[in-house]
Amino acid sequence: MIYLYRILSMLAYVLLAPFVGGFLAGLDRKLSARMQGRIGPPLLQPFYDLAKLFKKQVLAVSRYQFMMVASFLTMVIGTGTLFFGGFDLLLVFFVLTTACMFFVLAATVTNSPYAELGAQRELIQMLSYEPMILLTAVGFYMVNGSFRGVDVFYTGTPAIVRLPGVFIGLLFILTIKFRKSPFDLSTSHHAHQELVKGVTTEFSGVLMGMVELSHWYENVFLLGLVALFFVSSAWWSSLLAVGAVLLVWFLEILIDNTSARVKWNHMLYSAWIVTAVCGGGNLLVLEIIRMLF
Amino acid sequence: MPKFTKSPWVMHYDGSSCNGCDIEVLASMTPLYDIERLGVVNTGDPRQADILLITGGINYYNESVVRQIYSQMPEPKVVVAVGICACSGGVFRDCYNIKGGVDTTIPVDVYVPGCAARPESIIDGIVQALEVLEKKSAASAAPTEGESNA
């Protein structure tokens with residue numbers, strides 16, 4: 001029976017994640033506008049943007065660009081599919097890293113100075129958040145005794161009870177992953193930045209559309225990771241998870257609208273310090289408790 | 001079917017403007033005028049832009065820059081000349097370093113006069129540009145359909 005659920009969950013991710021991701025992106029733009037005292041675009045604006053991008057002329061700068069962007073999209077979908085199928089978290093995170101590497105390569109093959117600088121910043125961003133991602137997987141192992149995502153459904157208490165520090169650390173690096181201020185170094189949703197569009201500078205038409213689509217898939221996967229902290233064998237835990245996901249999304253938008261971009265070294269050091277103190281500290285305490293009792 | 005007119009991404013380039021029109025272009029993004037209502041995104045990237053807003057006349061130094069930006073934009077694309085200097089050269093028309101309006105260098109679709117052009121007229125210019133954009137996308141789609149039929 002559980003296998004059927006896992007297959008359905010994977011199918012649901014592949015088919016529905018673009019709609020959920022696009023809707024969340026629309027909510028983001030609407031909420032941001034309201035926070036700034038504006039009316040803002042329609043809620044479905046990201047879908048209009050995507051439809052337009054798929055119809056625009058493509059000015060490919062390099063013949064490898066399409067292959068790299070397509071690989072990025074495929075690997076991101078793969079990441080989410082493995083995650084929602086309840087597979088090994090380590091496998092999920094390694095596939096995610098591979099996807100991000102394709103994104104960096106897609107920018108680097110263009111030889112554009114702006115895209116290359118954006119790609120370098122993207123690498124620094126990866127350097128900043130990767131340790132915390134790995135600690136998250138280790139944390140789930142220590143709590144569930146297994147790396148498999150599906151095993152959270154067999155535990156009595158949600159993981160957040162024993163992994164609050166890991167959750168705070170993950171929240172911190174999620175701002176980097178969602179490309180929100182203050183950590184939108186490699187590319188920004190806003191026009192006012194020094195790198196044109198950074199890592200996405202040379203993507204036009206359908207290429208940009210595929211990048212947008214990948215980010216929607218990625219966002220849904222990341223919010224799924226947030227939900228993983230709240231689900232347990234109890235039925236009400238799913239409601240708790242949905243509430244937590246919406247709250248986290250709102251907080252990300254709030255942080256995006258209330259903070260300015262930081263320099264890369266500030267991002268790197270702060271992310272690693274938070275990882276070591278919150279994530280590492282949490283795991284250390286768990287280990288000590290396990291040794292004592 | 002969603003149209004191009006629902007998602008116009010704008011790129012703003014300052015030619016030889018005195019910054020008067022530039023400030024008004026930015027003003028149309030502010031809460032009072034909020035052009036994002038129409039789905040407009042102010043992008044700094046010509047590769048992702050649909051509408052090119054140019055303020056100020058063209059001089060002999062930025063002529064090649066304007067041509068390059070225009071050539072970097074994917075089809076269909078529309079150019080809006082904002083302010084009288086961008087339309088005709090304005091009071092700087094006879095200066096030794098000014099070539100003239102934007103249409104001396106690249107084809108212009110919509111002219112927004114004014115010194116400085118008011119945010120209301122800039123928004124009106126963009127709305128008119130949307131109609132041109134729609135016509136251009138229909139025109140560019142027509143030959144492709146013909147090819148597929150043949």
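Predicted model: local features only at pLDDT ≥ 70, side-chain atom pairs only at ≥ 80, totals over all residues.
A residue counts as buried if 20 or more other C-beta atoms lie within 10 Å of its own.

B:Asp34 has 19 other C-beta atoms within 10 Å, so it is partly exposed. Its backbone is worth a look too, as phi is near 40 degrees, a positive value in a residue other than glycine. Most residues other than glycine have a negative phi, and most peptide bonds are trans. Chain A has a residue of this kind as well: A:Asn111, with phi near 65 degrees. A:Asn111 lies in the loop between α4 (89-108) and α5 of chain A, and it counts as exposed because it has 11 C-beta neighbours inside 10 Å.

Then there are the cis peptide bonds. In chain A, one joins A:Ser181 to A:Pro182, with omega at about 5 degrees. A:Pro182 belongs to the loop between α6 (164-177) and α7 (206-228). In chain B, the bond from B:Glu75 to B:Pro76 is cis, and omega there is near -10 degrees. B:Pro76 also falls in a loop, the one between α2 (63-72) and β5 (78-82) of chain B.

Now for how helices pack in chain A. Two packed helices are described by the angle between their axes and the distance between the axes. Helix α5 (residues 113-144) and helix α9 (residues 264-292) of chain A pack at about 5 degrees, their axes 10 Å apart. Angles under 35 degrees count as roughly parallel, so α5(A) is roughly parallel to α9(A). Residues from α5(A) in this contact include A:Leu127, A:Met132 and A:Leu135, while those from α9(A) include A:Trp264, A:Trp272 and A:Leu283. Sorted by type, the residues of this contact come out as 15 nonpolar, six polar and one charged.

A second pair in chain A is made of helix α3 (residues 65-84) and α7(A), whose axes come within 9 Å and cross at roughly 20 degrees. That angle makes α3(A) roughly parallel to α7(A), and the crossing is left-handed. On the α3(A) side, A:Phe66, A:Phe72 and A:Phe83 are among the residues that take part, and they have A:Met210, A:Tyr217 and A:Phe221 among the residues on the α7(A) side. Here the residues of the contact split into 16 nonpolar, five polar and one charged.

Elsewhere in chain A, A:Ile255 sits in helix α8 (residues 237-258). With 17 other C-beta atoms within 10 Å, A:Ile255 is partly exposed. Setting aside neighbours within four places in sequence, A:Ile255 is in contact with A:Thr175 and A:Lys180. A:Gly281 is 26 residues from A:Ile255 in sequence, and their C-alpha atoms are 25 Å apart.

Finally, the two chains touch: 17 residues of chain B are in contact with 25 residues of chain A. The chain B side of this meeting is made up of four nonpolar, six polar and seven charged residues.

Terms used:
Residues numbered from 1 in each chain as written. Chains lettered and ligands numbered in written order. Axes fitted to C-alpha atoms, helices over the stretch in contact; angles between N-to-C directions. Helix = DSSP H or I, 4+ residues; strand = E, 2+ residues; numbered from the N terminus. Parallel < 35°, antiparallel > 145°, perpendicular 65-115°, else oblique. Contact = placed C-beta atoms within 7 Å. Nonpolar A, V, L, I, M, F, W, Y, C, P; charged D, E, K, R; others polar. Buried ≥ 20, exposed ≤ 12 C-beta atoms within 10 Å, placed from the backbone. Left-handed = near helix turned anticlockwise from the far one by under 90°.
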